[in-house]
Amino acid sequence: MLTKSRDLKDTATGETALVHIDTHVGGLITSKGNIAPGAPVKQAADIFFGNVEVDAMALVDCMEPIGLITRNKLLMKLFRLYGYELYGKRPIITMADTSPLYVNSKERLDVALDMAMSRPFQEIYDELVVVDPKGHYMGLLSIKDLVIRQSHALANSIVQKELANAKASELEKISQVKTQFLANVTHELRSPVNAIISLAELMQVSCDKGYIGQLKDRLALLISSSASLKAIINNVLDLSKIEAGKMDVIYEEFDAVAKLDEIVETTKVLLGNKHVDVKLVTSEQSLFIESDPVKLRQIVLNLTSNAAKFTEDGSITVRMEVAGKFIGVSVSDTGLGIKQEDMEKLFTAFGQIEDAKTKSREGTGLGLTVTKYLVNLLGGEIRFESEWGRGTTFFVRLPIKK
Amino acid sequence: MDDQKKTILVIDDDENLLMATRDLLENWGYRVYTHKRGFGSTAAIDLVKPDLVLLDINMPGLPGDRLAGLIKTFEATKRVPIVFYSSNDEDALREAVSVHKVRGYIPKGDIYELRQKVRQYLNCNCA
């Protein structure tokens, strides 16, 4: 009748669960080990030596427990000089504890533990003998197992709690950054929308008054505001594509010079009525490359529209040159420049983690993040040089062939 | 008659919006001056002596909220009424108004609110 279960873990979850103090001891029986009181000590010793899992056995006579023999007690006696010879053939009852702690299976765990703990020190860890209301033997409750189980569960719950805390604070941080980022993007979207609303209103005024010349000026501004709105939306959409891992490269052969010319023209639109000169400088008449024209446009246009945003007067120059298997495209402006402390976080979408309330710079930090990602996607590199107050140059290097 | 026109100075780095606001305000009968960056604003105020300043907040270099504090430190400019004119969230604007002790704010993009509030702030200005 040796059916001892030492498996302390809950089989369903693999976790050790904390045992609550109001549990009945009947549910916590760890072993049903028992032996007849008249069995020789030798037989009990064989059981203990043969089963390392067995820590104790109840001495049961016709279902009624009358004693407890623990591994410790048996070993202590047997290892004495001639212990085995002296005791081996005697009945086990002669060396057993004949007044172990009996507990009713309906007893609450805390009550049973109180009783167990008030025993003399050397018996504190002895098994409790669990009996049913009729006094019949049900099994043993191992204090040692219970302690191990409780401390496992406790340690586990502390680890779980710490993990949960760490995860929660991480999530909170991410959500904070995302909220701030959203606030910044919203602001960036509002600016051109507000300009568009005002301009449309003004065009209505011009129409009413019949001022055609004014209408034309305002239309140019309206188009420039719409173009910058579109650029922001494109970047937002691109970033979500990047985050979802759905950005594909579609290679085509196209004329890079013509593409850059087109971008220069769009940049002029973005500048509206600003007195900033935009030009393309290259020694090539045309240069066919194998790349993704949509992404190239996005890359260079992001750089020129940044330049347009931060340049009040002077010029924006797009240069292109061939260097071996690569083309180098640079965008220089005579604008505001980038402060030393801002340089490091330039390419991170959440780099401009300034509160929208106190935000001093225009821009979401979105354009350059998307740009860098696209450059890498096309197998290229991007870097920049800048002097605060003097201007900035971005250098992009892209492979000519796929 | 022209001397009775109220003068408004609009400070904003966004040229499109600056022009649009100027034209709108002029259309409503105000004399309007524009200044396209934070820097040099106090000199502009001193020169123009406006009845009201519409001040953008998000400007590179010298943001409007800091500029408001600066304007208030100079003897020549400290009495001019300032109103934030910004695309920022209204809660943020309300907070900025109380922090920087300016007259109020007008959210960008609502032309009717612009018209009404400008009228309101100019009437309030009994200096």
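## A tour of chains A and B

Select β4 of chain A and strand β5 (residues 128–131) of chain A: the two pair in the parallel sense over 3 bridges. Helices (H or I, at least four residues) and strands (E, at least two) are DSSP runs, numbered from the N terminus. Two strands pair if DSSP finds at least two bridges between them. Click Y102(A) next; its bridge partner in β5(A) is V129(A).

This is a predicted model, where local features need pLDDT of at least 70, side-chain atom pairs count only at pLDDT 80 or more, and totals for chains, interfaces and linings use all residues. Residues are numbered from 1 along each chain as its sequence is written, while chains are lettered from A and ligands numbered from 1 in the order in which they are written.

**The sheet around β5(A)**

The 3 strands form an open sheet, ordered β4-β5-β6, with mixed pairing. Which strands stand at the edges? They are β4 (102–104) and β6 (137–141) of chain A; each has a single partner strand, so one side of each lacks a neighbour in the sheet. Neighbouring strands here are turned by 35 degrees against each other on average, direction ignored. The axes behind that angle are lines fitted to C-alpha atoms, for helices over the stretch in contact, and angles run from 0 to 180 degrees between N-to-C directions.

Select strand β7 (residues 252–255) of chain A together with β9(A). They run antiparallel, joined by 4 bridges. E252(A) has S291(A) as its bridge partner in β9(A).

Buried means 20 or more other C-beta atoms within 10 Å of a residue's own; exposed means 12 or fewer, partly exposed lies in between, and C-beta atoms are placed from the backbone.

Move to helix α8 (residues 293–310) of chain A. Of its 18 residues, 15 are buried, so α8(A) is largely enclosed by the rest of the structure. Check its length: at 1.5 Å a residue the helix should span 26 Å, and its end C-alpha atoms are 26 Å apart, which agrees. The expected span is 1.5 Å times one less than the number of residues.

**Across to chain B**

Chain B has 5 helices and 5 strands, following the pattern β-α-β-α-β-α-β-α-β-α along the sequence. Of its 127 residues, 44% count as buried. Its average pLDDT (the predictor's confidence in each residue, from 0 to 100) is 87, and 94% of the residues score at least 70.

Start with strand β1 (residues 7–11) of chain B, where 4 of 5 residues are buried. β1(B) pairs in the parallel sense with β2 (residues 31–35) of chain B over 5 bridges. T7(B) stands opposite R31(B).

Two loop lysines come next. K49(B) sits between α2 (41–48) and β3 (52–55) of chain B. Its phi is near 50 degrees, positive in a residue other than glycine. K49(B) is exposed, with 12 other C-beta atoms within 10 Å. K101(B) lies in the loop between α4 and β5 (104–107) of chain B. Its phi is also near 50 degrees. K101(B) is exposed, with 10 other C-beta atoms within 10 Å.

**Last stop: the interface**

Show both chains. 23 residues of chain B are in contact with 27 residues of chain A; contact means C-beta atoms, placed from the backbone, within 7 Å. α1 (15–27) and α4 (90–100) of chain B each give two or more residues to this side. The largest share, 9 residues, comes from α1(B). The model scores ipTM 0.71 and pTM 0.56.

Conventions
Two residues are in contact if their C-beta atoms, placed from the backbone, lie within 7 Å.
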